[in-house]
Amino acid sequence: MEDLIARAKAGDGEAFAELMEGQKQTLYKVARSYLHSDADAADAIGDTVLACWEKLPTLRQPRYFRTWLVRILIRKCQDILRQRQRLVPLEGAPEPAAAEPGHQRAEFLALLDSLDEKYRTVLLLYYGEGFTTPEIARILNLNEETVKTRLKRARASFRLAYEAE
Amino acid sequence: MTEQDLRELLARPVEVPPEVEARLAAACAQAGHSAGKKRPRRGLRTLVLAACLAAALCVGAAAGYTVVREEKFPDLDAAVEAMFGNQGRDSVEATVEYDETGGMSLNLPNQERVPVDAAQAEALVGEYLPGTGYVWQVGDYTLTVESYLLDEHTGTGRVYFTLERPGGVEGLQITPEDGEAWADGSGISLNFCAGGADGTWTPMSGRFYADQNRSTPEKLYLTAALGAASGWKAEDGLHIRFHDLRRNRDSERDVSLVAEMELPGADSLPAVTAVNPKTGGTAACFSAIGMLVDTSYLEDGDSVRYVALEYADGSTYVVQDDAGNVDNAEHGLYNMDGTQLRLCFNRLVDPAQVVSVAVDGAVCAANR
């Protein structure tokens, strides 16, 4: 991946596209942990890709590329959430039909929905994407101890929820 | 479901919807299309933003705010006096006031400010003070950083700077009792930011204090006492974010940032550790400007009541004493778990003269 990053930084569009393709799963899952529709996730990801292309020369350490990319994505997701809070849906406007999700995506989305919003992204980044607590702290702009506390509480609430079943 | 189940479910690949695939491909194509026309390099963009020949250490500037930087020979004597002395900032006697309902309306602890020994300061920190000061013109504001000290071991920093504007600096209030300067939201504000390992910059926690003898409405003489979680490097320097808070009035988003400027790196001050008497591990570390205390072994880690440095000559610098209502720290912050306390001193400390650190009854010998 570091070779792809170096080539993309140098302006190689094909290397950049390959780099983004390799991060597609991470981008989609993290976006969906924030946003409630695939359409919004698509918007956030599109904006993130363009921002990444523009700002890639400012990335000093290629080994932190994923952390950096996810941080950009989360900012875009937060912008979309703010916009959604301001917009009042038109009455009578039909909602666009969503594609029927495949089995694995349905299971993934159902699991996300079952997780407390406070802990959802931290759990996804830690268990799903393999980020360390210092990296998650950077991504979410939190103190590392806060990340550890949220993980601890998330695990505790998760165990409680499933023990009750 | 177990933790392992959770990990497997979250980690396994899912089908990405067609609209997301399409959007990703379109964005990559758009980026690839612009690849032929060279993406402007950061240095070129910076020069485009700057209005004059001097190189601008500026990451970006909002419309209406031109940012220009110059270097200057610093006034190091004034910087040392401002950062460690008692010029323009008096000792404060404890003041407690109550309102008509019996509620406490003011609670200022005892604060003792001491004169700085210029020769001692030169010996202790002289080699760590950068030899260059910086002046930025941000719109009609002039921000001058005379000097600064950074300590990556304790995660503390001190910056001496001035801020001036013809007609008056807008939006900064000065508390007359202790000179603390704070943004009231009606004008500008500043953040000093520390760099992370991934290249992002995060605002440091901190307090600003004004020299009330020298400051005027048009020119404030300020010292910043800063703290940030470990991991940042003094050699990376700091970023200074200049905000115009009035820009947020008609926006749902925070659009107040009008300029981000780079303060170049410096050598970190060295620090000395103190030994935990129970575990033999590190209980604290301290430098000339601040300290970091491991409070995890204390009964009330996030509510420390007493911190003092004991000197070889028998004297004591009481940094904090809740029972005695004493607060001789410019700034203090706990981490979120209450296992670390970071304190910025209100005077210059000679670490070589400190024999022990006392924290809530535990005496931790300095490591020699």
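Modeller: Over all chains, the structure holds 20 salt bridges. A salt bridge here is a side-chain nitrogen of Lys or Arg within 4 Å of a carboxyl oxygen of Asp or Glu. This is a predicted model, in which local features need pLDDT of at least 70, side-chain atom pairs count only at pLDDT 80 or more, and totals for chains, interfaces and linings use all residues. Residues are numbered from 1 along each chain as its sequence is written, chains are lettered from A and ligands numbered from 1 in the order in which they are written, and side-chain values use heavy atoms, with hydrogens and water left out.

Start within chain A. The side chains of A:Asp12 and A:Arg7 form a salt bridge at 3.4 Å, N to O. A:Asp12 is partly exposed, at 28% relative accessibility. A:Arg7 is partly exposed too, with a relative accessible area of 34%. The cut-offs are these: buried means under 20% relative accessible area, exposed over 50%, and partly exposed in between (1.4 Å probe, protein chains only).

A second pair is A:Arg66 with A:Glu129, at 3.0 Å, N to O. This pair links distant parts of the chain, 63 residues apart. A:Arg66 sits in helix α5 (residues 65–86) of chain A, and A:Glu129 in the loop between α7 (117–128) and α8 (133–140) of chain A. Helices (H or I, at least four residues) and strands (E, at least two) are DSSP runs, numbered from the N terminus. A:Arg66 is partly exposed at 23% relative accessibility, whereas A:Glu129 is buried at 12%.

In α8(A), the residues A:Thr133, A:Ile136, A:Ala137, A:Ile139 and A:Leu140 are buried. Seen down the axis of α8(A), its buried residues fall within an arc of 165°, so they line one face of the helix. The arc is that of the directions from the helix axis to the C-beta atoms. An α-helix has 3.6 residues a turn, so residues three or four places apart point the same way.

Now cross between the chains. Four salt bridges are counted between chain B and chain A. One of them pairs the side chains of B:Arg12 and A:Glu107, at 2.0 Å, N to O. Another salt bridge joins A:Asp47 and B:Arg23, at 3.6 Å, N to O. Here the link runs from helix α4 (residues 38–55) of chain A to helix α2 of chain B. A:Asp47 is partly exposed, with a relative accessible area of 31%. B:Arg23 is partly exposed as well, at 27% relative accessibility.

What surrounds these bridges? The contact takes 45 residues from chain B and 59 residues from chain A, where contact means heavy atoms within 4.5 Å. About 4,900 Å² is buried between chain B and chain A, and carbon and sulfur atoms give 60% of that area. Buried area is the accessible area (1.4 Å probe) that two parts lose on being put together, summed over both.

Across the interface of chain B and chain A, eight residue pairs are in polar contact, both residues at pLDDT 80 or more. A polar contact is a pair of N or O atoms within 3.5 Å; within protein, one must be able to donate a hydrogen and the other to accept it, and residues adjacent in sequence count only if both atoms are side-chain atoms. On the side of chain B that touches chain A, α1 (3–11), α2 (18–35), α3 (42–49) and β11 (201–203) of chain B each supply at least two residues. The largest share, 12 residues, comes from α2(B). By class, this side of chain B has 19 nonpolar, 11 polar and 15 charged residues. Ala, Val, Leu, Ile, Met, Phe, Trp, Tyr, Cys and Pro count as nonpolar, Asp, Glu, Lys and Arg as charged, and the others, Gly among them, as polar.
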